[in-house]
2 protein chains.
Amino acid sequence: MTAEIVSVGTELLLGQIIDTHAPTMARILAECGIACKHRATVGDNLDRIVETLRQALSRADVVVTIGGLGPTSDDLTRDAIAVAMDDTLETVEEIEQKLRRWFAQNGYQWVESNARQAQKPTCAEIIPNPNGTAPGLVCRKNGKTVFALPGPRGEFDPMAYDQVKPMLETLGGQSVIHSRVLRVIGVGESSVEEKIQHLMDAENPTVAPYAQTGEVHLRITAKSNSKEEAEALIDPVEQQVRAALGDAVYGTDLTDLESALIQLLTARGETLAVAESMTGGGLGKRLTSIEGASNAFRGGVLVYNAQVKDALLGIGPIVDEFGPVSEECAKAMAESIRNKLNTTYAISITGNAGATSDTGGKPRGRVYIGIVTPHGTSVHESSFRGIRDDIRTRAEQVALMRLRELVLKQA
Amino acid sequence: MTAEIVSVGTELLLGQIIDTHAPTMARILAECGIACKHRATVGDNLDRIVETLRQALSRADVVVTIGGLGPTSDDLTRDAIAVAMDDTLETVEEIEQKLRRWFAQNGYQWVESNARQAQKPTCAEIIPNPNGTAPGLVCRKNGKTVFALPGPRGEFDPMAYDQVKPMLETLGGQSVIHSRVLRVIGVGESSVEEKIQHLMDAENPTVAPYAQTGEVHLRITAKSNSKEEAEALIDPVEQQVRAALGDAVYGTDLTDLESALIQLLTARGETLAVAESMTGGGLGKRLTSIEGASNAFRGGVLVYNAQVKDALLGIGPIVDEFGPVSEECAKAMAESIRNKLNTTYAISITGNAGATSDTGGKPRGRVYIGIVTPHGTSVHESSFRGIRDDIRTRAEQVALMRLRELVLKQA
């Protein structure tokens, strides 16, 4: 089975926004065992959307459209699907009444164009949208299926994962294709492949590795009669992967490294503080991107200057003697913030991500990451390549990874 | 003149990476007055790349490909362009010698596949790549132009802005189309349009507003005989926009709000500290994303917990009395960090971005932003909607905007 993704919106063609929804949908399709061979982006123009949809329908079994479901005259996806599928639009009274009630309850003026959001091709079923006004659509005709999802971020993600993904998993009729992604850190892609080679030759479930920034994702995909049976096929393969890779597997599916770390610390009733120089707050931002981060993350300091390292951490003499980008400074930063905030662990990052930093002669890309646990302090020296943002992101990633390793080693 | 963008890479179709290059190229095309009506994404498959390029060439004058120029067997963009343009590949000896020297100098083993990067369609000229091994291409045949750019971020951006953009500006033959983007903050899109309505009716230069997250971009585009003449047409329009919008215009082209603020403070010899609660480091991360940020940004504290607010800032009694999400707490956070770091200005952010935060009953989305200047402290209360990330990003944006306003009011 093959699919194509069509992103709709003139703002995409002008480069005003970055399309993060199409990659999300691409991952979901891959997890459902559906091959996506083309993605297209088209503006708010009826003829061009119709032409793009017709081409996609001529090549693929499934087409997923993103955006263009709102109430205004340039929201044309509904109309274009109807034309491309040789269908007509009808109004769903129940949806229109619901929209009218929502507008009244939320104190917004009803304008007639809002009723457009209650329209659908006659071949379509409504996908309820609990997070917005425009419902999604699933249109089935002549053996083809078109899904239409709304563009706003708070609406797209829940509909894609909670409603569209289960439908995609069962599109094969009697069979279900279901995947689980294992996230692996600290082991390169080729090394992962070597350790799980015996699993990669299997046909059901299949196992496929994908390199990501600073980590590797392993997708285990099973085909079966139900999601439950697929899960039962995946479980023992996950256990084999974990046996081969050990603690390098840090999470499954949407769990990112910061989530995994916050969950680990929360479960252990332990706490964390940070002292950031080069990353300037990036580590704290990632750790606090998770709901409930305050259960484990306490806070920290941004010490972007030698005087500030002294004012906030009292480590002026060490900075003077060894320089701000040094093993000794990283050690002192981490130990000082842990003492001040009385946490179980602390991370420090100091390094040179640019030409103009006050780094005492250390080369660009050199980073020192300090980690304090109840059993002592360790400092990791790394050298990263790439642009400023790459160096900062990789330093954060390594810091989170090293702390996780050390936490897991604690009793 | 019309253009299409073709992004090449199976990892894009699997959703493993987010395509940020296509939006960059889309903005560049718009700034050069070239209408981009389609974008396509295709995997590392020769037939499908050729098919996609042929379709793009059948509709557009210019096609820009991104990615697939590396040395491996799945880097097929060069081959596909040659087929789609009915051309053949030839090796550029000079480039191959240069590649061989680079490998020798950098201590890498030369493998024959690297020579692929020295190939080009016979109709192509080489675009030098000072940041990587694979050069770009500009292929001209039968009135069509195909640009091929490499995918790595550190290579794509400089080639796109410094080398391809000037070529796109002059594609119209005798005429040059050149744009300048003015970035506007604190004024909504409709309000901007109202204030510059008289300029939006003009034909050369044209003026077009685009809403972005928390700001509006105004693109002024002039058509003329040279870039210099175009600039001379744009200058007076920029002055009229500035006269109409005043200090709301904070920067031009690629200058973002944090860059504008760091430049402003650096020019004034002034300094800044931050105390972040809800944003957890996001403000510091943005301010330090700029080379040379240390000239103005000193550092700050991440106080994600009541005890930490007391330990690092000594404001425990105020948190106890008024709660962590309060005007009083924001004021105390900002004043305390400014005193500790002895800076000209300080910003604090405290608010509720989620259900589980320790916020003393304040509703989700409520944010207090404190700003201290040499003339006193002010606190701004805001309420933001959206998901956690939206609330945090908007709070950072408002904080940077408010500080900029207050700095500009200083003598």
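**Figure 1. Strand β11 of chain B in the lining of the second largest pocket.** In this predicted model, β11(B) gives four residues to the lining of the second largest pocket, the largest share. At least two lining residues each also come from α1 (10-13) of chain A and from α2 (21-31) and β2 (35-42) of chain B. Helices (H or I, at least four residues) and strands (E, at least two) are DSSP runs, numbered from the N terminus.

**Figure 2. A closer look at the second largest pocket.** Its 23 lining residues include A:Leu14, B:Ala30, B:Ile34, B:Ala35 and B:Arg219, which lie nearest the pocket centre. The lining splits into ten nonpolar, seven polar and six charged residues (Asp, Glu, Lys and Arg count as charged; Ala, Val, Leu, Ile, Met, Phe, Trp, Tyr, Cys and Pro as nonpolar; the others, Gly among them, as polar). The pocket volume is about 300 Å³, the space filled by probe spheres set on grid points joined across faces, edges and corners. A pocket here is an open set of points on a 1 Å grid over the protein atoms alone, where a 1.4 Å probe fits, with protein on both sides within 12 Å along at least five of seven lines; lining residues have an atom within 4 Å of a point.

**Figure 3. The two chains and their relation.** Chain B superposes on chain A by a rotation of 180° with 0.1 Å of shift along the axis (RMSD 0.1 Å), using least squares on C-alpha atoms of residues with pLDDT of at least 70 in both. That is the relation of a two-fold axis.

**Notes.** Residues are numbered from 1 along each chain as its sequence is written, and chains are lettered from A. Side-chain values use heavy atoms, without hydrogens and water.

Conventions: Predicted model: local features only at pLDDT ≥ 70, side-chain atom pairs only at ≥ 80, totals over all residues.
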